[in-house]
Amino acid sequence: MANLPPTHSGGPSSGAPSAPTPAAEDENIPTAEQLVLDLCNPELREKTLSLLSKHRDKFQQDIGPLLWHSFGTMAALLLEILNIYPWLSPATLSQAQSNRVCNALALLQCVASHPDTRMPFIKAGIPVYLYPFLNTTYKTRQYEFLRLTSLGVIGALVKVDDQDVIAYLLSTEIIPLCLRTMELGSDISKTVATFIVQKMILDDSGLKYICTTCERFFALSNVLAQMLEALVEQPSPRLLKHIIRCYLRLTDNPSACHALRTQLPSVLRDGTFNYFLEKDPPTRLWLYQMLHNIAMANSGGGGPHTGPSRVMGM
């Protein structure tokens with residue numbers, strides 16, 4: 001690492017102390033083991049949550065198992081979450097409260113993303129403690145932070161393409177909560193929520209869940225259409241990519257593919273997003289494949305699959 005320039009303009013004779021470099025600050029951080037022990041001390045917990053969350057990448061390899069297996073630590077993190085439930089409605093949550101619980105959620109994400117603790121995390125039912133944060137409709141900063149950080153935990157779970165994870169999340173009906181965020185959240189929250197839905201329906205059980213009833217299918221397709229309409233005014237290439245991938249996956253179900261003949265927004269057919277798609281060849285290919293699948297269904301080819309389309313009674 002290159003030497004940082006001195007913070008003060010005065011030389012050694014000026015008597016001004018030098019500010020610590022980032023490397024020096026890192027050296028002053030307690031060990032992960034000490035910080036995890038401090039989490040169980042209510043007087044030290046707020047500062048410790050901030051330190052662990054800020055520097056969690058430094059301990060990324062070991063922090064998940066350490067948090068999970070340390071006596072009382074997970075209980076302390078859950079207590080942080082439970083303590084702010086009364087402030088969710090009516091909207092009385094302060095920014096300081098939001099920051100504190102978001103630090104706790106960031107540590108839960110470490111547990112959720114580690115291969116050794118992912119399934120114990122799920123079997124303990126811990127994700128459902130985050131659902132009240134996804135169920136809020138307030139758009140202020142402190143509530144949006146809660147939504148986004150909670151989505152980060154769920155996103156860490158689905159990222160690994162584990163069928164057991166998908167089965168668990170489907171049983172807790174996470175998709176309706178993601179759809180709510182896709183309607184009401186900020187651009188980045190919508191992107192993460194759409195990514196989660198995408199990963200869910202890429203699994204066969206997730207696609208079956210969505211396409212089993214008309215209500216579920218139209219709930220998803222309507223939200224996707226609303227987001228596309230908003231992207232015309234405020235483009236987001238990342239969000240567009242996940243939306244198109246969701247539509248492409250829906251065409252793998254014959255009934256959904258037939259329904260998209262009339263449900264697909266015109267902006268995906270008329271070149272509205274060509275400028276962004278030219279810079280993203282994989283997403284452009286997804287769009288072409290999706291349009292091809294729908295065209296085949298429209299011509300009687302049955303989309304990517306053959307046989308009658310009766311899953312949703314269409």
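**Helix contacts and burial**

In this predicted model, Ile-154, Leu-157 and Val-158 of H9 meet Val-165, Ile-166 and Leu-169 of H10.

Q: What makes the residues of the contact of H9 with H10 nonpolar, polar or charged?
A: Val, Leu and Ile count as nonpolar. The contact of H9 with H10 accordingly divides into 6 nonpolar residues, with no polar and no charged ones.

Q: Why are H12 and H13 called roughly perpendicular to each other?
A: H12 and H13 pack at an angle of about 105°, with their axes 4 Å apart. Because angles of 65 to 115 degrees count as roughly perpendicular, the label applies to H12 and H13.

Q: Which residues make the contact of H12 with H13, and how do they divide by class?
A: H12 contributes Met-200, Ile-201 and Leu-202, while H13 contributes Asp-204, Gly-206, Leu-207 and Ile-210. By class there are 5 nonpolar, 1 polar and 1 charged residues. Gly counts as polar and Asp as charged.

Q: How do you know whether Thr-172 is buried or exposed?
A: The relative accessible area of Thr-172 is 19%. Buried means under 20%, so Thr-172 is buried. Thr-172 lies in the loop between helix H10 (163-171) and helix H11 (174-184). Leaving aside residues up to four places away in sequence, Thr-172 touches Val-128 and Tyr-131.

Q: Why does Cys-178 count as buried, and what is the relative accessible area of Cys-246?
A: Cys-178 has 1% relative accessibility and Cys-246 has a relative accessible area of 0%. The cut-off for buried is under 20%, so Cys-178 and Cys-246 are buried. A search of the whole structure for cysteine sulfur pairs within 2.5 Å finds 0 disulfides.

Q: What makes H15 largely enclosed by the rest of the structure?
A: H15 is largely enclosed because 11 of its 14 residues are buried. Among them are Leu-239, Ile-243, Arg-245, Cys-246 and Tyr-247. The buried residues of H15 pack against several helices, including H12 (187-202), H14 (214-233) and H18 (281-298).

Q: How does the reach of H15 compare with the expected value?
A: H15 (residues 237-250) reaches 20 Å from its first C-alpha to its last. This is close to the 20 Å expected at 1.5 Å a residue.

Technical notes: Residues are numbered from 1 along each chain as its sequence is written. This is a predicted model: local features need pLDDT of at least 70, side-chain atom pairs count only at pLDDT 80 or more; totals for chains, interfaces and linings use all residues. Side-chain values use heavy atoms; hydrogens and water are left out. Helices (H or I, at least four residues) and strands (E, at least two) are DSSP runs, numbered from the N terminus. The expected span of a helix is 1.5 Å times one less than its number of residues. Buried means under 20% relative accessible area, exposed over 50%, partly exposed in between (1.4 Å probe, protein chains only). Contact means heavy atoms within 4.5 Å. Axes are lines fitted to C-alpha atoms, for helices over the stretch in contact, and angles run from 0 to 180 degrees between N-to-C directions. Angles under 35 degrees count as roughly parallel, over 145 as roughly antiparallel, 65 to 115 as roughly perpendicular and the rest as oblique.
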